[in-house]
Amino acid sequence: MLSKQMENALNAQIKIEAESSQVYLAMASFAETQGFEGVASFMYMHSDEERQHMLKFVRYVNERGGHAVVSELAKPPLEYGSLKEMFQQLFDHEVKVSKSINDLVHISLQEQDYATHNFLQWYVAEQIEEEALARTILDKINLIGDDKGGLYLFDRDVQAITVQPSTGPAA
């Protein structure tokens, strides 16, 4: 059984994961309207992956005797100025998600909820990957600068980055 504090914290994370899906979706739409089909495809795939992360949390909360709450979501930005600004916001967002996951791990250890601690370990590893990927992409964009040819090649190359649909830990 989940404690009420753990259930509330996990429900807060469900909202964060859902908002992450929305952030990626908004970025996909922006990139697509700017002619960056590769970036858009990458972002659409990540949006789906974030939704799967949210669903794993929903199932976990419900299976542990809690009640997963589907809450209202914050509206993500619709415009990003440039790819560089968009990927900087994405990196900052992933850092925020990592902090939230780490806070959940802390609560699970305080409460000696080792089942939840075990469940969260996959998310800890996933966030390391998410931050590293966002940082790598941002570094590449910084190297390219405003070179239109470089951005064209980057758009083509980023489409080749395959995002494996993460099933996450068994819930």
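α2 passes α5 in a left-handed crossing (left-handed means that the near helix is turned anticlockwise from the far one by less than a right angle, right-handed that it is turned clockwise). Helix α2 covers residues 37-63, and helix α5 covers residues 148-159. The two pack at an angle of about 30°, with their axes 7 Å apart; here axes are lines fitted to C-alpha atoms, for helices over the stretch in contact, and angles run from 0 to 180 degrees between N-to-C directions. That makes α2 roughly parallel to α5 (under 35 degrees is roughly parallel, over 145 roughly antiparallel, 65 to 115 roughly perpendicular, and the rest oblique).

Before going on, a word on the ground rules: this is a predicted model, where local features need pLDDT of at least 70 and side-chain atom pairs count only at pLDDT 80 or more, while totals for chains, interfaces and linings use all residues. Residues are numbered from 1 along each chain as its sequence is written, and side-chain values use heavy atoms, with hydrogens and water left out.

**The overall picture**

The protein chain has 5 helices and 0 strands, and from the N terminus on its elements read α-α-α-α-α. Helices (H or I, at least four residues) and strands (E, at least two) are DSSP runs, numbered from the N terminus. Along its principal axes, the C-alpha trace of the protein chain spans about 55 × 25 × 25 Å. As for burial, 47% of the 171 residues of the protein chain count as buried (buried is under 20% relative accessible area, exposed over 50%, partly exposed in between, with a 1.4 Å probe and protein chains only).

Helix α3 (residues 83-110) and helix α4 (residues 114-144) pack at an angle of about 160°, their axes 9 Å apart. That makes α3 roughly antiparallel to α4. The crossing of α3 past α4 is left-handed. Sorted by class, the contact of α3 with α4 has 17 nonpolar, 9 polar and 5 charged residues; Ala, Val, Leu, Ile, Met, Phe, Trp, Tyr, Cys and Pro count as nonpolar, Asp, Glu, Lys and Arg as charged, and the others, Gly among them, as polar.

Then there is α1 with α3: their axes come within 11 Å and cross at roughly 165°. α1 and α3 are therefore roughly antiparallel to each other, and α1 passes α3 in a left-handed crossing.

**Aromatic rings**

A search of the whole structure turns up 7 aromatic pairs. Rings of Phe, Tyr and Trp (its six-membered ring) pair if their centres lie within 6.5 Å; planes under 30 degrees apart count as stacked, over 60 as edge-to-face and the rest as tilted. Two of the pairs are set out here.

| Pair | Centre to centre | Angle between planes | Class |
|---|---|---|---|
| Phe-30 and Tyr-80 | 5.4 Å | 70° | edge-to-face |
| Trp-122 and Tyr-123 | 4.9 Å | 90° | edge-to-face |

**A few single residues**

Gln-112 lies in the loop between α3 and α4. Its phi is near 55°, a positive value in a residue other than glycine. Most residues other than glycine have a negative phi. Gln-112 counts as exposed, at 56% relative accessibility.

Leu-73 is in the loop between α2 and α3 and is partly exposed, with a relative accessible area of 33%. Leu-73 and Ser-20 are 53 residues apart in sequence, yet 9.9 Å apart in space, C-alpha to C-alpha.

Lys-140 belongs to helix α4 and counts as partly exposed at 45% relative accessibility. Its C-alpha atom is separated by 8.1 Å from that of Phe-154, 14 residues apart along the chain.
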